[in-house]
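Thanks for coming. I have one structure to go through today, and I will keep to what was computed from the atoms.

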Amino acid sequence: TWSGVLMSRSWTNILLILAGGVVGLIIALAVFVNTGLGQRTVASLAGTLSGDRVTITGLSGGIPYSPRAQRVELRDDNGVWLVVENVVLDWSPFALLWNRVDVARAEAERVAVVRIPADDGEDSGTNPAVDIRVLRIARLETTAEVSKAPATVAMEGSVRYASLEEWAADLSANRLDAEGLYRVRASRENGLLSGAADIQEPPAGLVAGLLGLNDIGAIEAHLTGSGPRDANAVRLTLTAGPLQASGEGTINLVARTAEINFSATAPEMELRPDLAWQSLSVQGRLSGSFDAPDIDTSLDVRTLRAHDINVDGVTATITGQTGDLMVDGSITGLRVPGSDPDVFARDPIAVRGRVDLDMAPRPFSISLSHPLLGIEAQGTAGDTEHAEATITVPRLAPFAERGGVDLDGRAALSAT
């Protein structure tokens with residue numbers, strides 16, 4: 001009927017008017033945010049919506065695709081931890097809807113890392129895929145709180161990350177205030193790891209500072225990967241002062257198998273203020289499946305100091321096949337803080353352990369045996385974690401004497 005046709009046309013006109021209004025509103029909003037007032041409003045909203053964790057000043061450019069900013073500050077509960085100046089960003093913001101960060105160009109004249117941010121304890125959820133095709137930072141500065149000594153580097157390159165199995169990086173950084181070269185041009189795609197990573201820095205360099213190392217000497221590291229994906233050849237060499245380490249072999253990332261030989265040796269070193277030794281030696285071989293490898297490794301450390309604990313010697317072997325691994329070791333001359341630091345130093349501590357990586361629960365057991373103390377623990381370390389332990393004291397007298405108490409006997413304690 002004519003009345004039905006007229007009603008249909010009326011609803012059509014209403015819908016067209018509403019759609020036109022929405023489009024007009026979007027256009028007006030797009031025009032507004034690219035005016036001086038609109039850009040100041042967006043910058044203010046960034047602070048409000050982030051709980052004052054982000055502060056943007058001097059916002060300009062085309063929003064949202066090509067914003068520019070004079071200064072961006074990131075804060076946590078302790079104040080500002082990152083400052084970025086003269087920012088240029090060309091990106092596709094709507095890619096975030098598909099959990100992707102798609103950036104054509106990201107540049108900054110200055111990035112200052114004031115300190116390491118506090119952990120907010122929040123789970124960030126799934127990591128987005130990242131594709132930054134052009135990255136340039138004219139001056140990346142770290143403070144003494146971050147790298148032990150202030151450092152300035154220039155960085156440029158590109159990076160693409162989809163997952164640990166699919167990524168590519170072409171990045172280089174050069175010290176501006178001292179010698180130092182840091183470069184990675186590598187990728188992992190279709191089960192193949194290829195490329196190289198190199199670090200060359202003088203004593204007291206940036207890497208040493210970031211790791212909190214003492215002035216142990218120059219650091220030089222080289223990592224390469226090449227060859228077919230079913231026999232991907234990898235090689236690592238590391239020199240950190242007098243410490244020498246290396247690893248070489250083949251990896252099949254598709255089948256998740258490897259054949260790797262590795263070793264590390266070092267003479268007397270004070271690696272960090274809280275870690276030192278008279279000598280260190282590690283040698284081993286890993287082969288087979290990632291999840292259930294064959295391992296044959298030995299460790300020998302002499303006169304070890306870790307924090308306030310001192311040990312005359314630590315020796316251990318880790319051996320096993322198809323993930324059924326055994327640990328057999330000894331700790332001699334253990335000295336701990338207290339009124340009688342030598343209480344455990346008079347006799348060695350025998351260490352025994354076993355873990356089966358081939359079984360889904362990953363059952364493990366470990367024992368520490370000393371004439372004054374025994375510890376037995378067992379449990380699972382797979383998807384369901386569980387542990388129970390028994391501590392036995394064959395004689396209470398040596399411990400009671402430390403507290404001036406006349407007491408003897410034995411004790412046992414169980415915990416889960």
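Predicted model: local features only at pLDDT ≥ 70, side-chain atom pairs only at ≥ 80, totals over all residues.

Residues are numbered from 1 along each chain as its sequence is written, and side-chain values use heavy atoms, with hydrogens and water left out.

Overall counts. The protein has 5 helices and 25 strands. Helices here are DSSP runs of H or I with at least four residues, strands are runs of E with at least two, and both are numbered from the N terminus. Of the 416 residues, 29% are buried. Buried means under 20% relative accessible area, exposed means over 50%, and partly exposed is in between, with a 1.4 Å probe and protein chains only. The protein exposes about 24400 Å², and 60% of that comes from carbon and sulfur atoms. Those areas are from the Shrake-Rupley method with a 1.4 Å probe, and for residues only the protein chains shown count as cover. Among contacts with a separation of 6 or more, 36% are between residues 24 or more positions apart; contact means heavy atoms within 4.5 Å.

Next, the cores. A nonpolar core is a set of buried Ala, Val, Leu, Ile, Met, Phe, Trp, Tyr and Cys residues joined through side-chain atoms within 4.5 Å. The largest one has 20 residues, and L82, V84, V111 and L140 have the most contacts inside it. Elements giving two or more residues to this core are β3 (66-76), β4 (79-91), β5 (100-113), β6 (129-142), β7 (151-163) and α4 (206-210). Strand β4 provides the largest share, 4 residues. V84 touches Q70, R71, V72, A108, R110 and V111, leaving out residues up to four places away in sequence. There is also a second, separate core of 19 residues, including L213, L271, L280 and V314.

Now the charged side chains. How many salt bridges does a search of the whole structure find? It finds 30, where a salt bridge is a side-chain nitrogen of Lys or Arg within 4 Å of a carboxyl oxygen of Asp or Glu. R110 pairs with E85, with the closest N and O atoms 3.0 Å apart. This pair links distant parts of the chain, since R110 is in strand β5 and E85 in strand β4, 25 residues apart. R110 is partly exposed, at 25% relative accessible area. R100 and D102 form another salt bridge, at 3.4 Å between the closest N and O atoms. Here R100 is partly exposed at 36%, whereas D102 is buried at 13%. A further one joins D328 and R352 at 2.8 Å, N to O. D328 sits in strand β20 (residues 324-332) and R352 in strand β21 (residues 349-356), 24 residues apart. Both count as partly exposed, D328 at 39% and R352 at 42%. Shared partners also join R71, E73, R75, E85, R110, R139 and E141 into one salt-bridge network.

On to strand pairing, which requires at least two DSSP bridges between two strands. Strand β17 (residues 279-289) runs antiparallel to β14 (residues 257-266), with 10 bridges joining them. In that pairing, N261 has R285 of β17 as its bridge partner. Strand β17 is also joined by 10 bridges to β18 (residues 293-306), again antiparallel. S287 stands opposite D294 in β18, and a hairpin of 3 residues connects β17 to β18.

G195 is in strand β10 (residues 192-201) and is partly exposed at 32%. G195 and T224 are 29 residues apart in sequence, but 5.8 Å apart in space, C-alpha to C-alpha. Beyond four places in sequence, G195 is in contact with R185, A186, L223, T224 and G225.

W98 lies in the loop between β4 and β5 and is exposed at 63%. W98 forms a nonpolar surface patch of about 550 Å² with Y65, F94 and L97. Patches take residues with over 30% relative accessible area and no salt bridge, joining like charges within 9 Å and nonpolar side chains (Val, Leu, Ile, Met, Phe, Trp, Tyr) within 5 Å.
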